[in-house]
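Please read it alongside the sequence and the model.

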Amino acid sequence: MAMKSLLLNQTKQLFTKPIWYPRSRRDLDCIDKSHRNIIDDLGNSYPGSNDIDYMNWLSSMRNYDTPADSDVPDAYYPEQANKTWNILYGKLKELHSLYACDEHNQNLIELENKNIYTENEVPQFSKVNNWLNSKTGFKLVPVGGMINARSFLYGLAYRVFFASRYIRHISSPFYAVEPDVVHDLMGHVPLFANEEMAEFSQEIGKKSLGASDEKIDQLAKIYYYSVEFGVIGEKILGAGILSSSGEIINVGEKKCKVEPWELKKVLNMDYVLHDFQPLLFKANSLTEMKKFVFEAVES
Ligand SMILES: [Fe+2]
């Protein structure tokens, strides 16, 4: 009986189709970039759903696909979108100066000094990408919404970050139902310009190439509790926190439990998508977080 099942397993392995994965940045154009339609999911409760101009603009921003290996053309932002950016930029910058890690704040200042980020206009990906390229080679590539974990992680393997260019509606400036340009530019970009952060983000991506679904789930969890919601020392690292004023206060004023990074606990956590995080994990420094992530992706 044992021999029969061994033979069956061996036969299964022989005929299991290997999982295709991209071998270069250009190959990323062949991955599945279809995204979840949160507008349809939420219907009338999607913020701005009754603002026809906004919904038309949003739709044009979502239906835009840029090849991963070419330049990103500039997007059109109506006055209302720039106003929303302005409201959030001032508030987040103030909170970042109090609670964000130094690595984030240093790069945010550089973005301002180089006039790439200003308070009055949503920054264009073309300018951001030129700067990111000179820092770590990371690149923002626009997608229309949240893509699946495997495709998203494949991008990281080639220092490509699939990002949103649309912005939340002005009626709800401090809450976004899905990641938008504020999340990506105010949360992720300053830290993707840091080499240590770039290295461990890419490492998570590299381990995803051709990985099993189970491994993808694990890597997504490691990504979530480091790049999105990591804490270093007493300061905030994660973009999911840094792009939300409520989440920054939740973590900065210690309303959220923060424990030392422990892989077993990280992997057993659930995702908390529409509420403040109840429990996060920290390293003493960005260098230590990098070490934890490298060890974690090997397991
Ligand atoms: Fe994010």
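The count comes to 14 aromatic pairs, where rings of Phe, Tyr and Trp (its six-membered ring) pair if their centres lie within 6.5 Å. The model is predicted: local features need pLDDT of at least 70, side-chain atom pairs count only at pLDDT 80 or more, and totals for chains, interfaces and linings use all residues. Residues are numbered from 1 along each chain as its sequence is written, and side-chain values use heavy atoms, with hydrogens and water left out.

**Aromatic pairs**

- The ring centres of Trp-85 and Tyr-117 are 6.1 Å apart and the planes stand at 90°, so this pair is edge-to-face; planes under 30 degrees apart count as stacked, over 60 as edge-to-face and the rest as tilted.
- This pair joins distant parts of the chain, 32 residues apart: Trp-85 belongs to helix α4 (residues 79-99) and Tyr-117 to the loop between α5 (102-113) and α6. Helices (H or I, at least four residues) and strands (E, at least two) are DSSP runs, numbered from the N terminus.
- Both Trp-85 and Tyr-117 are buried, where buried means under 20% relative accessible area, exposed over 50% and partly exposed in between (1.4 Å probe, protein chains only).
- The rings of Phe-161 and Phe-192 are tilted, because their centres are 4.9 Å apart and their planes at 55°.
- Phe-161 in strand β2 (residues 160-163) and Phe-192 in helix α8 are 31 residues apart, so to speak two distant parts of the chain linked by the pair.
- Phe-161 counts as buried at 2% relative accessibility, and Phe-192 counts as buried at 1%.
- Ring pairs also link Phe-138, Phe-152, Phe-161, Phe-192 and Tyr-223 into a cluster.

**Helices α6 and α8**

- The axes of α6 (residues 125-135) and α8 (residues 181-192) come within 11 Å and cross at roughly 15°. Axes are lines fitted to C-alpha atoms, for helices over the stretch in contact, and angles run from 0 to 180 degrees between N-to-C directions.
- That angle makes α6 roughly parallel to α8; angles under 35 degrees count as roughly parallel, over 145 as roughly antiparallel, 65 to 115 as roughly perpendicular and the rest as oblique.
- From α6, Phe-125, Val-128, Trp-131 and Leu-132 meet Val-181, Leu-185, Val-189 and Phe-192 of α8, contact meaning heavy atoms within 4.5 Å.

**Met-61**

- Met-61 lies in helix α3 (residues 52-62) and is buried, with a relative accessible area of 9%.
- Met-61 and Arg-165 are 104 residues apart in sequence, yet 6.8 Å apart in space, C-alpha to C-alpha.
- Not counting residues up to four places away in sequence, Met-61 touches Ala-75, Tyr-76, Tyr-77, Arg-165 and Tyr-166.
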